[in-house]
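Hi,

Here is the structure I promised to pass on. Have a look at it first, and my notes on what turned up follow below.

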Amino acid sequence: MSEQGQSRREFGKGLTALAAATLLPGPVLAQKEPAPQVKEALALTEYLQVRCKHLTREQIESIARGILTRQLQAESLRKVKLTNADEPDFIFEAEIEGVR
Amino acid sequence: MSQKKNITEAILFAPIREQTEKIRKGELSPVALAEAYLERLEKLGPKLGAVVTVTRELALKEAKQAEAEIKAGKYRGPLHGIPYGVKDLAATRGIPTTWGAEPFRKQVFDHDATIITRLREAGAVLVAKLALVELAGGFGYNNADASFTGPGRTPWNLDFWSGGSSSGPGAAVAAGLVSFAIGSETSGSIITPSAFCGVSGLRPTYGRVSRFGCMALSWTLDKIGPMCRSAECCGLVLAAIAGKDWRDPSTVARKFAWPTEVKGPFKVGILKDCTKNVQPAVKKNFEAALRVIEKFARLEDGVALPDQPFGPVISTIIKAEGSSAFRDLLESGECSKLRDKRDRTGGYEGLTVLAVDYLQAMRIRTRIRKAMDAVYARYDAIVSPSRATVSYPINRDFDQVYKGLGGGQLVIPAGNLAGQPAISLPNGFGLHDLPTGLQFTGRAWSEAKLLALAQRYQQATDWHRKVPPAAKEEG
């Protein structure tokens, strides 16, 4: 097994432990598989590791915790029921200010 | 002979209206006033961690010009000859604009922000670029020591923070280092330092004041506003800086004039549960303030904000927009030069916000704005404490202090998401002799009403006229 693979597994365990300690509700924790939010946070952290190679291991761990927290927030927002007519709170304008 | 010696403490701490009357009558020299503030900025500014750059040369040039114009009968209005400081996120041509952050310490723009241009046209005199939390606090700092200028200190007790992210404007106004200051708010950055420093700070409606030339943290949330010694001062400054600017497409051509015609009677809602989970002195001072307010306004208790996910929505928006605005900085690794440990990594999460999650937040925000307006339409203002606690000690992480306190604080993210205005006013003192504040919040474009209410409160109280001990010691 590669060192990177080993790291990833350990890292995943760490995030799951963090989630267990502080963030996820009981029923989610009862599952044997890592929660979907933990898997998502791991995937997004891997993306960052590729994109920002300068980040240290310690920094990545700190960022991963933040990403996990944010994934949980995103989950709560996804539960808000919206309709097709619910537009985002900004407006595109074709006119360029100051040009005419 | 210089008139500097004639500048008494009473003049230095006087509201703009009193200073301007003396200037107009020729009893007070703008040059002498600028010199007096420059001296205080150089002497007291570093102690408070309030100053990035003292603009001595420019200030004296502008003050001399103001003095000559006034003598020649060309009077520009109430800010003519009045010295001010600006949060160091507003571009000033040829003078460093650091954004409070080490990676931008040597940044110099070749243009002025619109607020600088407008204040110059009004005849105001720029005496200092004032300190701020690095990058306006968008990366989640957790300590007062989060700027390359060191921690901002409130002049009421130097062991405590001046608040953020407009830390320099708060401390400088409170300590009499400037006549007024310009701050900015994305979510709490004018209200918090105004409360922690005991000054009057106005967060205008989104779109009221041009953001052109100011550092972007969140394009849809950033607002520029005045921090002053009184609500009336805020009105005078807002009148000078408000208005449409084609370089900032969010600005709107809505009229704002000060003094206002708004006289009342007023109907003011009291935010539901706003004194739960606050420090006892915050509660006591707020209740005392209500007894003053009820003399000129009809109060209605228990006004609830709509049940909406304010925290997750604003957090998603700030993270996504902030990380986009600073993507180059994040990807370069220059973030490691930021002062606060959490700031060095806090921006990276935002790079992983999915577009659909950001849009989900912005779609919910539309509902929030409408729901907030439906509540606020029933009142001229809603009142609550500005903050649940007094300021934080500078030597401890924020999350280790005042645990469990935070009543009513949703009004800050809620109001910012809705683009609504707010004003924070001093209303007494609490732990460690630190100031407490109350805030009036209102519907979009209701600044005149909020300021009129605030002015009535300040006509009946004198909290805004108190002078902090640190300002007296070496003044």
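Let me start with helix α6 (residues 167-174) of chain B: 8 of its 8 residues are buried, so this helix is largely enclosed by the rest of the structure. (Buried means that 20 or more other C-beta atoms lie within 10 Å of the residue's own, exposed means 12 or fewer, and partly exposed is in between, with C-beta atoms placed from the backbone. Helices are DSSP runs of H or I with at least four residues, strands are runs of E with at least two, and both are numbered from the N terminus.) The buried residues of α6(B) are S167(B), G168(B), P169(B), G170(B), A171(B), A172(B), V173(B) and A174(B). After α6(B) comes G176(B), which has a positive phi, near 70°.

Before going on, the housekeeping. This is a predicted model, where local features need pLDDT of at least 70 and side-chain atom pairs count only at pLDDT 80 or more, while totals for chains, interfaces and linings use all residues. Residues are numbered from 1 along each chain as its sequence is written, and chains are lettered from A and ligands numbered from 1 in the order in which they are written.

Back to chain B and its sheet. There, 11 strands make an open, mixed sheet in the order β1-β3-β2-β4-β6-β5-β10-β11-β9-β7-β8 (strands pair if DSSP finds at least two bridges between them). At the edges sit β1 (51-54) and β8 (297-303) of chain B, each pairing on one side only. From one strand to the next, the twist averages 25°.

Two pairings to look at:
- Strand β2 (residues 83-87) of chain B has 5 of its 5 residues buried. β2(B) runs parallel to strand β3 (residues 125-130) of chain B, with 5 bridges, and V86(B) stands opposite K129(B) in β3(B).
- Strand β9 (residues 381-385) of chain B is antiparallel to strand β11 (residues 435-441) of chain B, with 4 bridges. Here S384(B) is opposite Q439(B) in β11(B).

Then there is a helix pair. The axes of helix α8 (residues 231-241) and helix α15 (residues 447-460) of chain B come within 8 Å and cross at roughly 150°, which means that α8(B) is roughly antiparallel to α15(B) (the label applies to angles over 145 degrees). From α8(B), the contact uses A231(B), E232(B), C234(B), G235(B) and L238(B), and from α15(B), E447(B), L451(B), A454(B), Q455(B) and Q458(B). (Residues are in contact if their C-beta atoms, placed from the backbone, lie within 7 Å.) By class, that contact has 5 nonpolar, 3 polar and 2 charged residues.

Chain A has 4 helices and 0 strands, and 25% of its 100 residues are buried. How many residues of chain A are in contact with chain B? There are 26, and they meet 29 residues of chain B. α4(A) gives the most to that side of chain A, with 11 residues. By class, the side of chain A that touches chain B has 12 nonpolar, 7 polar and 7 charged residues.

Finally, confidence (pLDDT runs from 0 to 100 for each residue). Chain A has a mean pLDDT of 77, with 64% of its residues at 70 or more. Helix α4 (residues 57-78) of chain A is highest, at a mean of 91, and helix α2 (residues 26-29) of chain A is lowest, at 50. Over residues 1-6 of chain A, pLDDT stays under 50. Where pLDDT is low, the predicted coordinates should not be read in detail.

Cheers

Definitions and conventions. pLDDT = per-residue confidence, 0-100. Contact = placed C-beta atoms within 7 Å. Axes fitted to C-alpha atoms, helices over the stretch in contact; angles between N-to-C directions. Parallel < 35°, antiparallel > 145°, perpendicular 65-115°, else oblique. Nonpolar A, V, L, I, M, F, W, Y, C, P; charged D, E, K, R; others polar.
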